[in-house]
Amino acid sequence: MKKQFAPLVAALALLAACSPKTEETPAPAPTTAVFVLSEGEFTKGDGAVSVFDRASKSLTLDAFGSANGNAKLGDVVQSMGVQGSRGYIVVNASNKVEVVNLPDFKSVATISGLTQPRYFTSTSATRGYVTEWRGTYTGYTPGVLSILDLSTNTVTSRVPVGRNPEQLLALGGKIYVPNALDNTVSVIDEATGTLTSTITVGDGPSSMVADKDNNIWVLCTGFVSYIATPPYVVQTSAGTLVRFNPSSPATQLKIAFPATSSPGKLRIGTDKDQLYYSFGGAEYRMSIAATALPTTPFIRRSFSGFAIDPRDNTVYGGISPSYNTNGRFVRYQATGVALDSFTVKVGPNGFVFY
Amino acid sequence: MRCFLSHWAALLVVLAWAVPNGASAQQRPAVPDSARLSQRRHRLADVRVHAVGPERFAVGSTRLELDSAVLAQYRGGNLADVLQARTPLALKYYGPGQLATIALRGTSAQHTAVLWNGLNIMLPTLGQNDFALLPVGAATSVSIQPGPAAALYGSGAVGGAVLLNTGPNWRPGLRGSLQADAGSFGLAGGSLDARAATAAVAVRVAASYREAQNNYTYLLREARGPVRYTLQNAALRHQWSIGPEVAWRVGLAGEVTAAAWLTDVDREIQSGVNVAGSQARERDQSRRLTLGYRHVAARQQWAVRGAWFEDIINYRDGGTPSNSRVRTTQAQAEHTRALGAHGSLRLGAEAQHFAALVDGYGTTQVAENRAAAFALLRYDPRPTLRLSANLRQAALPAGLAPLTPTLGLEWDLLGNADSLARATSHSLTAKASAARSYRAPTLNERYWVPGGNPDLRPESGLGYEAGLRHRLALSRAAALETELTAYRQDVDDWVQWLPSASNGIWSPRNLRQVRSQGLEISTALGLRQGRYRSSTQLAYHFTDTRKTQGTAADSDPVGVQLAFVPRHQASLSTDQHWRDWLLSSTLALTSFRYTNASGTDFLPGTGLLGATLGRTVRGPAGTSLLVLVQATNLLNLAYESYPGRPAPPRTFSASLRVGWR
């Protein structure tokens, strides 16, 4: 029986020998690493975190797979947080957070029992938070903020928030959760783990930063509806940039965007006095002292991910040309002059500096 | 280069393994039907009410036919199953019962027209067919016509066409069979094929049912090591198909035909094993009705036909429905007449009306009309030289489609391809064809909200092929047929959906040129000795398909083999009959396939072995009982049919068929 299959096995081996070799790159050196998050193609389970070493400019494409016997990280790598020497990778469609040791990406644990997890933050080595959506795209319901015990890597409690909670912010003993399908920010008290207040902002709050004066800036995308003719999308409400002080959240500075496009991805520079955001296919920079939006873009380019390296102010922009083509990231000097670019996996959407 | 050689080496190893099957060859030639290369005798109406088919005007092209004996082995399955086991054709396949689309000659799923009794049944919304929704038992013949000559079938026939035909059997009396199937992972099903005929009326009913749990296990490599899971949300809850048809002879030369084909599939949609907790489900229902009349006289024939289709796709995931319903009404008319002693000319026209109520298009119904006129000419200046020249012009809502001419030539260089009866014969035929082809924009491409682009131009193809067909009757007991075809297929204005840089909305645009070129080799050996007969088919396809040029907006790299098109595919099948026994085996070899446009991620090559063992027991009064045991993936290879979709391990099924005549 075995002998009969021998030529077949030989033929198979010959065919298999022709598969292209997977690229191998050396493990990253610590402290000069940039983690590049690639979502991957939905349902293919090929999301990845690439490690870019800025000293040697070397790239490990799939750090999790390389460190863990080619295990797959999962489907739709959404975001990543860092606490000490632990990395928390939020894998949206796989409903989990992979906990890895840094910088080697060896698996420590998997936090399960989550549904549509989006963003992670932590306030200590034992306390973490994850925002989760509920419902489906035609009928989202209020989401939750899950409170995690990072010593056991389990969910300890859940706080109901608004619809589609996004990029949360921990500041001054409070967790601020922007509810992207509503016009509110939910405020959760760290000590009690309960919802203490809800701040009304503009439509579609999705990303937040705190500046050097401890003011909170909330970027609200506004709402859109879709139409049959180009440009296919109309703003039913304009985007806004909202600033408030946590001590008096009702007193707000509101700067409205033109109702031509949705702003997104609010970031803050190393000195916490320059804001960055995307709008209308370009990236803008604005001083926290400004009371009006800048009219000239910082970089005329649309990015699927954007971040500033606090160690040297290098700007990182992710490029996703299509859903089934590898993406890349471009590095820029702090002035906005392009430096170089590197190919990563499909859909680079974020950067973590470690 | 090393790679290329090793593929040939792989093929040779397989050949060496296969050859001993045909060592003892004597007596009468037995050409396997499934490998029989289309014989083109030029005659109009040689049998009463026997019409000339469109394939008569596709001179110089390859045609791969799956005969009734092969179809009978797979009659409980779907078209994707039989094509994967028996042909070296590329299918993109998401798992058993899940979406399966074809990539003929390296083109996309929208570039293969699927016709049922001459009517295009591609889904107007998606412009493609899910081969998992087409049960094998519904058709009485399945043929694949790759290449440019298929352009005579109209929109979408760029890479080729798949032709599903049904037809009543005019042999008087009642005949039929009833089959029950059961197999691994909750497979259960049954089918009926019943025919009856009198001198004036012939009736056929084909019906089938199938369900499967598909709850097999697979290994997932996790950080803690490999973990075995059971596949979730992958069941085929039910798949019904019923196809009644009737043909009625009217007068000496007329025939009225009426046929219906109703399919209803309820399946869970496997979302990939890395996606947690999906409960996606889809209901696919198609209702196809056709009524036709044809008149066949000695020197001319004409035919008119009307058809009404309704295609429903209702998808839902966790309570979120996405529904779609398209009704297609169409009419065809054609007239064929002999031109002197050596030629025939067909003139015809067709019109289609689509009415679509699709959630993705908004709340209002979208309607669209298309029409086409064609002229098909066949001319055989000598019996050994056959020519065809066709012209087709379609009118689409956005304007005229490209004019699509087709040219074909066949020339018998040696012997006579028609002399099948000769004891020892040796024939060699040269063939060539060239054609333009087109694909009309689909309804989704034109009307989807947001992103639908009503200004989209039809894609246009330009294809050439040339080759040789050789037939050798080694003795009265053995026949060997070999065909070699080289082709090139260019597609221009290839449509791609890309996100807008300013607002991220995905929209289809005419962005690129794609070139596909390749080589197809097939050989079939038929043997017969006493009560033993066998047929063996070996086929190899080399497919090289790449984007050659694109606009600035199209960032996919140029020169990379397109995703999900393996460069090398080979298939080997043998069917051996001895007394009342049947033993079949199939081997399908596929080289690695890229899974993204960058050419970095890939699925490794696979070798899948299948086998069928059958025994027929004759009963009284023309009854018979057939017991079939079938196995797939006999080597128990663990592989993914699509990234994140583990394929089934070794599976078994058993069938019991009661036949009567």
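Biologist: In strand 17 of chain A, which residue is the bridge partner of Pro205(A)?

Modeller: Strands are DSSP runs of E with at least two residues, helices are runs of H or I with at least four, and both are numbered from the N terminus. Two strands pair if DSSP finds at least two bridges between them. Here Cys220(A) of strand 17 is the bridge partner of Pro205(A). A note on reading: this is a predicted model, where local features need pLDDT of at least 70 and side-chain atom pairs count only at pLDDT 80 or more, while totals for chains, interfaces and linings use all residues. Residues are numbered from 1 along each chain as its sequence is written, and chains are lettered from A and ligands numbered from 1 in the order in which they are written.

Biologist: How many bridges join strand 16 to strand 17 in chain A?

Modeller: Five, and the two strands run antiparallel. They form a hairpin with five residues between them, and Asn214(A) in the turn has a positive phi of about 60 degrees.

Biologist: What strand order does the sheet have?

Modeller: The order is 16-17-20-21 in chain A, an open sheet of four strands with antiparallel pairing. Strand 16 (205–210) and strand 21 (248–256) of chain A stand at the edges with a single partner strand each, so one side of each has no neighbour in the sheet. From one strand to the next, the twist averages 25 degrees, with axes fitted as lines to C-alpha atoms (for helices, over the stretch in contact) and angles running from 0 to 180 degrees between N-to-C directions. Inside the sheet, strand 17 (residues 216–220) and strand 20 (residues 240–245) of chain A pair over five bridges; Val218(A) has Val242(A) of strand 20 as its bridge partner.

Biologist: Why is strand 16 of chain A described as largely enclosed?

Modeller: A residue is buried if 20 or more other C-beta atoms, placed from the backbone, lie within 10 Å of its own, exposed if 12 or fewer do, and partly exposed in between. Five of the six residues of strand 16 of chain A are buried, so the rest of the structure largely encloses this strand. Across chain A, buried residues make up 48% of the 354 residues.

Biologist: How many helices and strands does chain A have?

Modeller: Its secondary structure comes to two helices and 29 strands. The C-alpha atoms of chain A fill a box of roughly 80 × 45 × 45 Å along the principal axes.
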